Amino acid sequence: MAPDTTGWTSAWGKDLSNGAKILVIEDEPELAAGIVENLTAEGYLAEVATDGQTGLNAARSGNHELLILDVMLPYKDGFAVCRELREEGNEVPVLFLTAKSDPEDRIRGLEDGADDYMSKPFHLAELLLRVAAILRRNRWYRRSTLDRPVIRFGENEMDFRTYRGRSADGIEHELTHKEALIFRLLAEKEGQVVSRDEILDVVWGCEAFPSSRTIDNFILRLRRRFEQTASTSRYFHTVHGVGYLFKSDANDP
Amino acid sequence: MIDQWLFSGEVQGMLQETHRRSLDVAKVMLEQGVATNDVAKIFPALSVSEDGNTIRVKPTIIETLTAERDSRRNRYAWEGGFFLIVLCAAIGVLWRTVRTEVRLRQRQRNFVTAVTHELKSPLASVRLSAETLQYRENDPETRERLIERLLNSLDRMDATVSNILDTTQIDEGKLALEPQTVMLSPCIYEIVNSLETVAENAGVKMEIAADNGLTVYADHLALTVVLRNLIANGIDAAAGVENATVTIKANKADSKTVVEVSDNGRGFHSTEGEKLFEKFYRLGNEIRREGRGTGLGLYIARSLVAESGGGLSAHSDGPGRGALFRATWPRIQQDGRPPGVKT
């Protein structure tokens, strides 16, 4: 556990943080300081950047387990920071913490590759819970990947460590973090139906996503990458009204 | 209009054709032995020579027809042209109105976003500090710090709300100002002192070159608001650049008292110089924030300077090349009142 500089005790009784390194990008100095103190009290290693550009640079080199990112920032807005990181292949989890709370903004943030979205003002306890949830999800992914890093199905192959897959036609695909998380969840529960709610819960956290339709889009993207024909699904099956099902040993139809 | 134009041509052509036909008929009638006079009576548009050998359409008729066509065409051209001009003018006016409306909407949206941010961020900070106080066991020192942070955030919210209210009052002409003779230098030093911590945290140096004995005839509080706004803007703009400096100069020039606040910070495009004073205008776009603010500060500042008969202008050589804000007030005359002050 990180040294507790504030003298506070953890709110959770036991330490869930494992000293995870968190970067807070926030231009309101009082708010940034308050968040950092609370994260530190929970046992995280927290640091602050006060504008978009400094934040982006820090995130590039920082090896953080999570970014808490404001949207309205000097020099570079939060959406752009998140997008640029994703374009560079940096899949560090991002929690948007912003005054902009329109549904469009939430959707935009999540589409730019964010993991969760909270609007200001927020409840301290909720922030800490969500931070813990994101870190738990990503630890689950890493642990699960460690057990079985590569999955072969038909002529396809997926390496969850590098997010890279190869389809039967030999084409290499680089999956996004979210696509990999969904795939991982389906693969872990191979042969079982995974409900939309469960996907929402594990991959996004319960409240972040406005519509389960978006999951359909993610499944569609996985199908486009790995299914030989667009019309028939051999590996990624939809169970209508329930959820999705992954089979790696699909027989030819 | 073009239809009308062609139509009058067509009508004229048809009339000429009719005359040509009557000419043919008249020829036949003459050949048949009808008296010249009778033919002339039946076809008044034709002129028949006494001997009945030559027959033609009266030249006056053709002239009349051509003249009539031309006059019609002339009229259509004028009317059409006139309507065209009116139409263009109407489209122009409409386009301008729509464009102004769109710009205003855009700026109001920016304003709402800015106000949302300016209120919600400190509000989030207030809530966080309060919850931390409630939620954790804090030692007295931490508690002190949290309360200070909470109060700072409340001050910021208060400032934002005041700005919005001031703007409303300016717009409704309800500002209750009490102009008086104010000593300029002490006023400047007071503001600079109060902004010392802010400047220090931002890594900005402040330099003052104010002539002694300068006076301004203005509302004291309004003057403080204006100067504070300009200096705080300068600090905000200069923060982060090398050798960040805000320079405040005050002197006499011609018949005016001049205060110049310059910085070597972010600057702006020369085209933005005037827009800065428009309500809700902010540098950057809706979400990329070039500094704090609601886009009201300079609008308020200019309105307040104008109330005391002065002017406020902005200049920059371009982005990244610093900015200069120049406020002028009319010099106080012998009778204690400057010229041009609203009384």
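Predicted model: local features only at pLDDT ≥ 70, side-chain atom pairs only at ≥ 80, totals over all residues.

Guide: Residues are numbered from 1 along each chain as its sequence is written, chains are lettered from A and ligands numbered from 1 in the order in which they are written, and side-chain values use heavy atoms, with hydrogens and water left out.

Visitor: How many helices and strands does chain A have?

Guide: Helices (H or I, at least four residues) and strands (E, at least two) are DSSP runs, numbered from the N terminus. Chain A has 8 helices and 12 strands, and chain B has 8 helices and 9 strands.

Visitor: What share of the residues of each chain counts as buried?

Guide: Buried means under 20% relative accessible area, exposed over 50%, and partly exposed in between (1.4 Å probe, protein chains only). Of the 253 residues of chain A, 55% are buried; for the 343 residues of chain B the share is 38%. Accessible areas come from the Shrake-Rupley method with a 1.4 Å probe, and for residues only the protein chains shown count as cover. Chain A exposes about 10900 Å², with 48% supplied by carbon and sulfur atoms. Chain B exposes about 20000 Å², and there carbon and sulfur supply 54%.

Visitor: Which residues touch the most other members of the largest nonpolar core?

Guide: A nonpolar core is a set of buried Ala, Val, Leu, Ile, Met, Phe, Trp, Tyr and Cys residues joined through side-chain atoms within 4.5 Å. The largest has 48 residues, and those touching the most other members are Phe96(A), Phe153(A), Ile182(A), Phe183(A), Ile199(A), Trp204(A) and Phe236(A). Helix H6 of chain A, residues 177–188, gives the most to this core, with 7 residues. Apart from it lies another core, of 47 residues, including Val226(B) and Phe277(B).

Visitor: Why is H6(A) described as largely enclosed?

Guide: H6(A) is largely enclosed by the rest of the structure because 11 of its 12 residues are buried. Among them are His177(A), Lys178(A), Glu179(A) and Arg184(A). The expected span of a helix is 1.5 Å times one less than its number of residues. H6(A) reaches 16 Å from its first C-alpha to its last, close to the 16 Å expected.

Visitor: Where does Leu67(A) lie, and which residues does Leu67(A) touch?

Guide: Contact means heavy atoms within 4.5 Å. Leu67(A) is in strand E3 of chain A, residues 66–69. Beyond four places in sequence, the residues Leu67(A) touches include Leu23(A), Ile25(A), Leu85(A) and Val94(A). Leu67(A) counts as buried because its relative accessible area is 0%.

Visitor: Is Val94(A) buried or exposed?

Guide: Val94(A), in strand E4 (residues 94–98), is buried, at 0% relative accessibility. Its contacts beyond four places in sequence include Leu66(A), Cys82(A) and Asp115(A).

Visitor: Which residues form the nonpolar surface patch?

Guide: Like charges are joined within 9 Å, and nonpolar side chains (Val, Leu, Ile, Met, Phe, Trp, Tyr) within 5 Å. Here Ile2(B), Trp5(B) and Leu6(B) form the patch, with about 310 Å² of accessible area together. Leu6(B), in helix H1 of chain B, is partly exposed, at 46%.

Notes
Patch = residues over 30% accessible without salt bridge, like charges linked within 9 Å, V, L, I, M, F, W, Y side chains within 5 Å. Salt bridge = Lys/Arg side-chain N within 4 Å of Asp/Glu carboxyl O.
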